[in-house]
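Okay, thanks everyone, let's get going. Have a look at it first.

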Amino acid sequence: MSFAVKFASEERSKISGPEKLPPGCEHLTTQDELAGLAWATIPVYAALMLIGLGSQALLGVHWLVALLSYGLTAVLAFSTHVLGHCRIWPRWYRAHQMEHHVKIYPPSRFLADELLGAEDGNAKYYFPALAAPSVVAAAWTRSLPHVTVAALVPLLAATVADYVHNQLHLRGTWMEKHRTFMVLRLVHYRHHEGTCRHNYGVFDFLYDLAAHTLML
């Protein structure tokens, strides 16, 4: 385990004390969490490779465009999420930190029987992150196939992330039977407790690992 993850685990014990974990997560070990995060992440990049190779074969778009489009959106979305926990962007802070985290899904009510949304919907704050790859592709290549791939890959990733995130908060979801999902739920729960300054990802935590914000 990296030093960043060890430090995060020690910091969690300092700021939040004993955890009251979501049902079904109590017996997950650190090894389970690491394996679960790997099983969640590997299919993401395998799918990106397949999409990239498919777009190259069918549209003549270099296979790296899919990967780079995802990467750019992921970095910008990660940064947007971080800003949602900082007061420097007051409206976004109120919509995300105060509504989503404090009002709707505090640690004591992390799970709900139905999906609950913030009055100031959070999705729109991520639109610039989703649009950036297609804008860059349009400016750089002026090629419709390139722009199409650069637009669809982030949209697909965001759709999956939004769905999985909703299920993480939904009690009784069909996904609870999968250990990997329960690991994602536990890791996301730790994002909602304490300072909320860790585990910003939903299913891809490489960016948390790089930013030293991964907490297990």
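So, the largest pocket: helix 3 (64-83), helix 4 (90-104), helix 5 (127-141), helix 6 (144-168), helix 7 and helix 8 (206-210) each put at least two residues into its lining. Helices here are DSSP runs of H or I with at least four residues, numbered from the N terminus.

Quick housekeeping. This is a predicted model, with local features needing pLDDT of at least 70 and side-chain atom pairs counting only at pLDDT 80 or more, while totals for chains, interfaces and linings use all residues. Residues are numbered from 1 along each chain as its sequence is written, and side-chain values use heavy atoms, with hydrogens and water left out.

By pocket I mean an open set of points on a 1 Å grid over the protein atoms alone, where a 1.4 Å probe fits, with protein on both sides within 12 Å along at least five of seven lines; lining residues have an atom within 4 Å of a point. Volume is the space filled by probe spheres set on the points, which are joined across faces, edges and corners.

Back to the largest pocket, then. By class we get 21 nonpolar, 16 polar and 3 charged; Ala, Val, Leu, Ile, Met, Phe, Trp, Tyr, Cys and Pro count as nonpolar, Asp, Glu, Lys and Arg as charged, and the others, Gly among them, as polar.

The second largest pocket holds about 420 Å³. Its lining of 19 residues has Ala 40, Pro 43, Val 44, Val 160 and Phe 203 nearest the centre. Helix 2 gives the most here, 7 residues, and the classes come out as 17 nonpolar, 2 polar and no charged.

Staying with helix 2 (residues 30-59), Ser 55 sits in it. Ser 55 is buried at 6% relative accessible area, where buried means under 20% (1.4 Å probe, protein chains only).

Last one, helix 7. Of its 14 residues, 12 are buried, so helix 7 is largely enclosed by the rest of the structure. Among them are Phe 181, Arg 185 and His 192. After helix 7 comes Gly 194, with a positive phi near 65 degrees.

Technical notes
Buried < 20%, exposed > 50% of the residue type's maximum accessible area, 1.4 Å probe, protein only.
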